[in-house]
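Have the sequence and the model side by side.

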Amino acid sequence: MNSEDGNPAAVPVAVQDTQGDQRWMSQHNRFVQECKDAEPDVLFVGDSMVQLMQQYEVWRELFSPLHALNFGVAGDTTCNVLWRLQNGELQNIRPKVVVVWVGTNNYEHTAEQVAGGILSIVHLLITQFPQAKIVVLGLLPRGERPNPLREKNASVNGILRSSLARLSAAQFLDVGGGFVHSDGTIATRDMFDFLHLTASGYRAVAKPLSDLLLQLLEETPEERRASLV
């Protein structure tokens, strides 16, 4: 489901400046400026899960050496990311890989709508960067104990896994395994507020992602073309 199907999670929307400090738009404008100054091989786009990653050592250790840009904004939904990408954040750059991690803030949308919003982002990126690879990270479980939001995020992941399998330029990476213990709980050592990751939580996510990025970046142009056939 996308915007053409009337999906509200696939409609580009800027965040309303209810606080009066223009903070969200200021972050967007900074990203647009970075596009003019940087030549990233890897672009990360998404919400706070992306934004906070650069505050931890794993970003400096694993992702900075890959010439990565971090365009994460806390609180963003698929709608907000779509707006940002359509309004300057993809100009003047040609990343080889784009990592997408967004959707857990789409509280008012169904799992089908959220997945459709993420797929709209993927299709936009494929159109803008036809030679790039797109990696969509699965939504993480959330909440100390089992709850409806966990079930919804799991449903989003199921839809994405199936849908992205049909797109040669994109792939799904589930990084949520191991966070939920056998009794159904999530530990604060992994998610300090049962949503956002700690240093150890980010390390668990970063290792499989880093391995995949290195693999994709090492592919020759001929290999990339062959994978698209």
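Start with N92, which counts as exposed because its relative accessibility is 56%. Exposed here means over 50% relative accessible area, buried means under 20%, and partly exposed lies in between, with a 1.4 Å probe and protein chains only. N92 sits in the loop between α4 and β3 (97–101). Its phi is near 70 degrees, a positive value in a residue other than glycine. Helices (H or I, at least four residues) and strands (E, at least two) are DSSP runs, numbered from the N terminus.

A word on the source. This is a predicted model, in which local features need pLDDT of at least 70, side-chain atom pairs count only at pLDDT 80 or more, and totals for chains, interfaces and linings use all residues. Residues are numbered from 1 along each chain as its sequence is written, and side-chain values use heavy atoms, with hydrogens and water left out.

Now step back to α4. Just after this helix, G88 takes a positive phi of about 115 degrees. Is α4 itself buried or exposed? Eight of its nine residues are buried, so the helix is largely enclosed by the rest of the structure. The buried residues are T78, C79, N80, V81, L82, W83, R84 and L85. Their cover includes α1 (23–37), β1 (42–46), β2 and α5.

Take α5 from that cover. Two packed helices are described by the angle between their axes and the distance between the axes. For α4 (residues 78–86) and α5 (residues 111–128), the angle is about 15 degrees and the axes are 9 Å apart. Axes are lines fitted to C-alpha atoms, for helices over the stretch in contact, and angles run from 0 to 180 degrees between N-to-C directions. The two helices are therefore roughly parallel to each other, a label for angles under 35 degrees. α4 passes α5 in a left-handed crossing, meaning that the near helix is turned anticlockwise from the far one by less than a right angle.

Which residues make the contact? From α4 come T78, V81, L82, L85 and Q86; from α5 come V114, G117, I118, S120, I121, L124 and L125. Contact means heavy atoms within 4.5 Å. These residues divide into eight nonpolar, four polar and no charged.

Another positive phi belongs to H67, near 60 degrees and again in a residue other than glycine. H67 is in the loop between α3 (57–63) and β2 (68–72).

Finally, the record. UniProt lists residues 44–204 for "domain: SGNH hydrolase-type esterase", in an unreviewed entry. Over residues 44–204 the chain is 38% helix and 14% strand. The end C-alpha atoms of this stretch are 17 Å apart.

Definitions and conventions: Angles under 35 degrees count as roughly parallel, over 145 as roughly antiparallel, 65 to 115 as roughly perpendicular and the rest as oblique. Ala, Val, Leu, Ile, Met, Phe, Trp, Tyr, Cys and Pro count as nonpolar, Asp, Glu, Lys and Arg as charged, and the others, Gly among them, as polar. UniProt positions are given in the numbering used here, feature names are shortened, and annotations may be inferred rather than shown by experiment.
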